[in-house]
Amino acid sequence: MDQQAWSGIYTELENDVEALTRRSGPQAPNIEIYRQIDRARFALDKGELARAIAIIEDIRRRLAAAATRSGGTPTSLDTLDALEEHLIGELRFGSARLEIVGEDEAPAETRAASQNTKVNRSTAFEDIADEYVAMFESAKIRPEKLSEVRWNANKIVAGREVYEKIEAKTNVPWYFTGLIHGMECSFSFSRHLHNGDSLKARTWQVPAGRPKEGNPPFTFEESACDALAYDKLAGQSDWSLARMLHRLEIYNGFGYRRKFGTASPYLWSYSNHFTSGKYVKDGVYDPNAVSKQCGAAVMLKDLVERGIVIIGVATPTAPQPMPQPVVPGPQLEPAPQPAPAAQPEPTPTPQPAAGPAPAPEPTPPAAPQATAAGEDPSSKPPSLNESQTS
């Protein structure tokens, strides 16, 4: 943004603050709003668009609160909204959903873009799940981008309370919503999660006309729930690392993978996996463009490394009982069973006196008894089988 354009916005802001001060007296905006105006200007001068957007949103909140107290209507609110939309449009990635916008041919690859990590051109999860995990593990944040990555990750943590309300309705982990919020809206809560359009109307960029239900202006929560349902993320249970990265890439589109076979900056910007080349508008690819936005996987990497996020288990919609682990114990010898009681021999039936008595039947040897503890087995008589084989 040039100095002349910013000077006009700056003058309009000062006039509104002065008018609110006259109406509200001691309840007027404090000196902090003037400081924020200067901070926004400095951030824009340095090209730190994400920080400028965050400051502009804070100024808008302060002005809106002051206007509510005094009954005024600052014209600069609309100006700030337009400025924020312009900056988000300049910062965010254009949609790479080529199947929607219909780009046919890939532009020639530049030398810088050729340094991007090569990936499998398949979009099937089964083909690339291991690749996602390997790239996440090998990702290194570029040293000159460390502070910016941390700033973005901290913005996700700051919005956790809002994201958790959305999680309760959609089962989408709070930090996943935060990642998309950063990528699509630069963390502005006045924008649609679908694509960063203003909540004052339905979306006009891809996907257009959302939400279909309700009437604008929409709340951020309403828009976010619609966006997550539209992309079939609401109600999912598998939020493992590979699934999450796959869904993030789907959210922006598979154009980088399918057309160029290279890592998507939507995930890997500010890491060793990406150098240059991105969609600057929906379906418009610039091989020389260098991303000014931190990739979603890189923000996630910082959250994981700091222990703020633990990935690998799906987030349940309600607390579930934890199964108790089965710990194998030592194998115990079965307790010795007592020997069966000796059965009394049957009493022979008396024979009639007439004639000589028949010779008695031979008595079969007794069945072997269980050896008592400490008794010498050799002192026992041999079994039937042993006597037959001896």
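Author: First, a term: buried means under 20% relative accessible area, exposed over 50%, and partly exposed in between, with a 1.4 Å probe and protein chains only. This is a predicted model, where local features need pLDDT of at least 70, side-chain atom pairs count only at pLDDT 80 or more, and totals for chains, interfaces and linings use all residues. Residues are numbered from 1 along each chain as its sequence is written, and side-chain values use heavy atoms, with hydrogens and water left out.

Reader: What share of the 390 residues is buried?

Author: Buried residues make up 44%.

Reader: How many helices and strands?

Author: The protein has 15 helices and two strands. Both are DSSP runs, numbered from the N terminus: helices are H or I with at least four residues, strands E with at least two.

Reader: And what part of the contacts comes from residues 24 or more positions apart?

Author: Such pairs account for 67% of the contacts with a separation of 6 or more. Contact means heavy atoms within 4.5 Å.

Reader: How do α2 and α3 cross?

Author: The axes of α2 (residues 32-45) and α3 come within 8 Å and cross at roughly 155 degrees. Therefore α2 is roughly antiparallel to α3. Axes are lines fitted to C-alpha atoms, for helices over the stretch in contact, with angles from 0 to 180 degrees between N-to-C directions. Angles over 145 degrees count as roughly antiparallel, under 35 as roughly parallel, 65 to 115 as roughly perpendicular, and the rest as oblique.

Reader: Which residues make that contact?

Author: From α2, they include Ile33, Ile37, Ala40 and Leu44. From α3, among them are Ala52, Ile55, Ile59 and Leu63.

Reader: Why would residues spaced like that point the same way?

Author: An α-helix has 3.6 residues a turn, so residues three or four places apart point the same way.

Reader: Glutamate 57: buried or exposed?

Author: Glutamate 57 is buried, with a relative accessible area of 8%. It sits in helix α3. Beyond neighbours within four places in sequence, glutamate 57 contacts Glu84, Phe187, Ser188, Phe189 and Ser190.

Reader: What about phi at phenylalanine 187?

Author: It is near 70 degrees, a positive value in a residue other than glycine. Phenylalanine 187 lies in the loop between α9 and α10, and is buried at 5% relative accessible area.

Reader: And lysine 232, what's its phi?

Author: Near 60 degrees, again positive in a residue other than glycine. Lysine 232 is in the loop between α10 and α11 and counts as exposed, at 64% relative accessibility.

Reader: Last one: what does serine 138 contact?

Author: Asn272 and His273, leaving aside neighbours within four places in sequence. The C-alpha atoms of serine 138 and asparagine 272 are separated by 8.7 Å, though the residues are 134 apart along the chain. Serine 138 belongs to helix α6 and is partly exposed, at 35%.
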